[in-house]
Amino acid sequence: MSTAPAPAVFNPDLGFAAGGGEMGAVVRGFDWTDTPLGPLETWPQSLRTAAGMMLAARHPMYVAWGPQLALLYNDNYREVLGAKADQPQQILGQPFCMVWADVWHQVGPMLAATMAGESLWYEDQPFTLTRNGYAEQVYASFSTSPIRDESGAIAGVLCVCSETTGKVRQVEERLRLLDEIGEATRLAAEPVTIMAHSTRLLGEYLEATRVAYADLEPDNDRFTIRHDWTIEGAISTVGVYSLDLFGSRATSNLRVGRTLLIHDVDTELAHGDGYEMFSQIGIKAIICCPLVKQGRLVAMMAVHQQQPRTWTRDEVALVEAVVDRCWAHIERVRSTEALREADRRKSEFLATLAHELRNPLAPVRNAVELLRIGSDKPGLRERMLATMERQVGHMVHLIDDLLDIARISSGKVVLQNARVTLQSVVASAVETSLPLVEAAGHELALDLPAQAVWLEGDAVRLSQVLSNLLTNAAKYTPQPGRIGVAAKAVDGMAVIKVTDTGIGIAPEALEAVFEMFAQAPHSIGISKGGLGIGLCLVRHLVTLHGGSVMATSPGPGQGSTFTIRLPLAAVAAALHDEGQAQPAPARASLRVLVADDNIDAADTLGDLLDAMGCQVQVTYDGEQAVSAAPAFAPDLVFLDIGMPRLDGYGAARALRAMSAMDGVKLVALTGWGAEDDRARTGAAGFDHHLLKPASPEQVAAVLTTVTPGARRS
């Protein structure tokens, strides 16, 4: 056991320490006659003072004195000298360039700069030394200060130094570990692979008992250990845990992103405050580094030791670096997986879209061919027309869903809110879905409140929500099945449950069913249909109404339940007129001009208007419509927006500029129906905005707004 050097005692005769440890005795007993420093008695007071300070210091120090920079050093500097220190008579008082010939090319300029008046500081400076006959790279940190003699001139250098090779080597090893972890996880395709490599490499490096990686659940109160590495014989801790189980010290640190550091569980934790949990999994010391991103705790990495251990600051920093890099790699892989899944769903969606559009096109094409042949079978014409109407309606529904998704994605859905009863919304949805439910042979049961339940919302959109759920239930329930709709008011919310006895949903898919293009797996004998966007629409529309929707299911083959919660209207509505105004029948003598570059669309609309008793002229672009209008003098003009040469907007502006067209009503025909699309047609002078294909009912409703001859009166 080493003893501390004796305290320095000022010797007025010599002017420097009479103590100074072993080197102090060597300096006092050394024959300096043949050295550049000369006899001890001739040393100037400034050199004696510097030597005394150096010898009394406990940090490695040396003095380089005079023009030849003769070397003096203390006990702790002997470790830096290595084998040279075994023969002090060969190096004490000798020129620095001779003692340190192998590093003189580096140290010489530094000492020269200090002799010129500079004070220098170098940290972890690399040097190549010859030790035990081999060249070796070492590192040292040191500072140099000039020493002035009695005249004030710089006569020497005082250097405080230490070898930092061990520290630098440790840093290099840790950097190599981080690089190794990065390389091992760079090409990993799954999060668990990244966790496995990171925890193993870190655990082996730290010689730990266990290293675990955990994700935080959305509630930030629970975490899931996805993977852990352990030494042989140690138990795995993979599972879901509550932060509170590990005591107040753990929760108070981790929730704010501060590393939990415990050197000895037995002395640092109290019974009932985390001690039992740590002991149960065989932990006596722990580093647990939380990772906070954008103010939220997202992940943790824990290093466990089965016996007490004093963790170092560098070890803590290493774990913090590893968890950050591990999380970054995992998020990269998860993002890639999400993009790949989105791409897969998009491809499935496009294939489904093509399939769903071909389905109605096939019977329409067959019906057209049968009508063209002109078979005289009884009732054939009526059956074919009914078939075509059903299939065109199906295609319109598909296209409407696509438009709704586009509007939702761009934030262009605007609700037409009004007070509406829950009962009327359910009735409308049932009316829309009942043909499909009955065709599938299902039983539909309703359980609604006797008293009116008032909502504040868009009746059409709310009916669409329930209709989508009922349609899904009918499609995914084997025949014959049972579908139920139950509703009630609870704590200011309308709660609507749609249940079925269908194919059910696996637990891991309960949330995914609301994602874009998600569909249930194919099942033999069950017609799927649709584009996989119905439930995505449901969630978005319910959210726009300030509500929520969730799916539950006991599992595959055991049916499903979709529960919608919507806020009740703040104040009950007054008497509600259930009667709906019926559109008046179209009146004769209306003069209607049609312009559409799709010849079939233009001609069939003209034929429909003619059948409704109107006088019709059909044109096939905007320029033809503008040219024909003055002579034809229409009361109403249908203009397709996307026409070549002169589009619908240009044609509308040209017609509005004609004094002879004062009072004419303009109708825009377009596939775009967002609010800004409607605003644009309104700004161009249109009175009505109809989405293609406009239904006969919509056309008839427009006709009721026009008075024959009003433009000419």
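This briefing walks through helix packing, loops and backbone details in the structure above. The model is a predicted one. The protein contains 20 helices and 23 strands, and 45% of its 713 residues count as buried. Among contacts between residues at least 6 apart in sequence, 61% join residues at least 24 apart.

**Helix α14 and its partner α13**

- On the α13 side, the contact is made by V425, V426, S428, A429, V430, T432, S433, L436 and V437; α14 contributes L462, S463, L466, S467, L470, T471, A474 and K475.
- Sorted by class, the contact of α13 with α14 has 10 nonpolar, six polar and one charged residues.

**Helix α14 and its partner α15**

- α14 also packs with helix α15 (residues 534-544), here at an angle of about 150° and with the axes 9 Å apart.
- With angles over 145 degrees counted as roughly antiparallel, α14 is roughly antiparallel to α15.
- The crossing of α14 and α15 is left-handed.
- From α14, the residues in this contact are R461, Q464, V465, N468, L469 and N472, and they meet G534, L535, L537, V538, L541 and V542 of α15.
- The contact of α14 with α15 is made up of seven nonpolar, four polar and one charged residues.

**Helices α6 and α7**

- Helix α6 (residues 165-186) and helix α7 (residues 191-206) cross at roughly 160°, and their axes come within 9 Å.
- That angle makes α6 roughly antiparallel to α7.
- The crossing of α6 and α7 is right-handed.
- In α6 the contact involves Q170, E173, R174, L177, E180, I181, A184 and T185, while α7 supplies I194, H197, S198, L201, L202 and Y205.
- By class, the contact of α6 with α7 divides into seven nonpolar, four polar and three charged residues.

**Helix α5 and the residue after it**

- Helix α5 (residues 104-115) has V107, G108, M110, L111, A113 and T114 as its buried residues.
- G117 follows α5 and has a positive phi, near 115°.

**S553 in its loop**

- You will find S553 in the loop between β17 (548-552) and β18 (560-567).
- With a relative accessible area of 15%, S553 is buried, because buried means under 20%.
- The side chain of S553 has a polar atom 3.1 Å from the backbone nitrogen of G555.
- A polar atom of the S553 side chain also lies 2.7 Å from the backbone oxygen of G559.
- Apart from neighbours within four places in sequence, S553 is in contact with G504, I505, L510, G559 and S560.

- G282 sits in the loop between α10 (275-280) and β10 (285-293).
- Its relative accessibility of 34% makes G282 partly exposed.
- G282 and Q306 are 24 residues apart in sequence, and their C-alpha atoms are 5.7 Å apart in space.
- Setting aside neighbours within four places in sequence, G282 is in contact with Q305 and Q306.

**Backbone details worth a look**

- Q479 and P480 are joined by a cis peptide bond, with omega about -20°.
- P480 belongs to the loop between α14 and β15 (482-490).
- D491 is not a glycine, yet has a positive phi of about 50°.
- D491 lies in the loop between β15 and β16 (493-500), where its 78% relative accessibility makes it exposed.
- R645 is another residue other than glycine with a positive phi, near 65°.
- R645 is placed in the loop between β21 (636-640) and α18 (648-656), and with a relative accessible area of 63% R645 is exposed.

Technical notes
Residues are numbered from 1 along each chain as its sequence is written. This is a predicted model: local features need pLDDT of at least 70, side-chain atom pairs count only at pLDDT 80 or more; totals for chains, interfaces and linings use all residues. Side-chain values use heavy atoms; hydrogens and water are left out. Contact means heavy atoms within 4.5 Å. Helices (H or I, at least four residues) and strands (E, at least two) are DSSP runs, numbered from the N terminus. Ala, Val, Leu, Ile, Met, Phe, Trp, Tyr, Cys and Pro count as nonpolar, Asp, Glu, Lys and Arg as charged, and the others, Gly among them, as polar. Buried means under 20% relative accessible area, exposed over 50%, partly exposed in between (1.4 Å probe, protein chains only). A polar contact is a pair of N or O atoms within 3.5 Å; within protein, one must be able to donate a hydrogen and the other to accept it, and residues adjacent in sequence count only if both atoms are side-chain atoms. Axes are lines fitted to C-alpha atoms, for helices over the stretch in contact, and angles run from 0 to 180 degrees between N-to-C directions. Angles under 35 degrees count as roughly parallel, over 145 as roughly antiparallel, 65 to 115 as roughly perpendicular and the rest as oblique. A crossing is left-handed if the near helix is turned anticlockwise from the far one by less than a right angle, and right-handed if clockwise.
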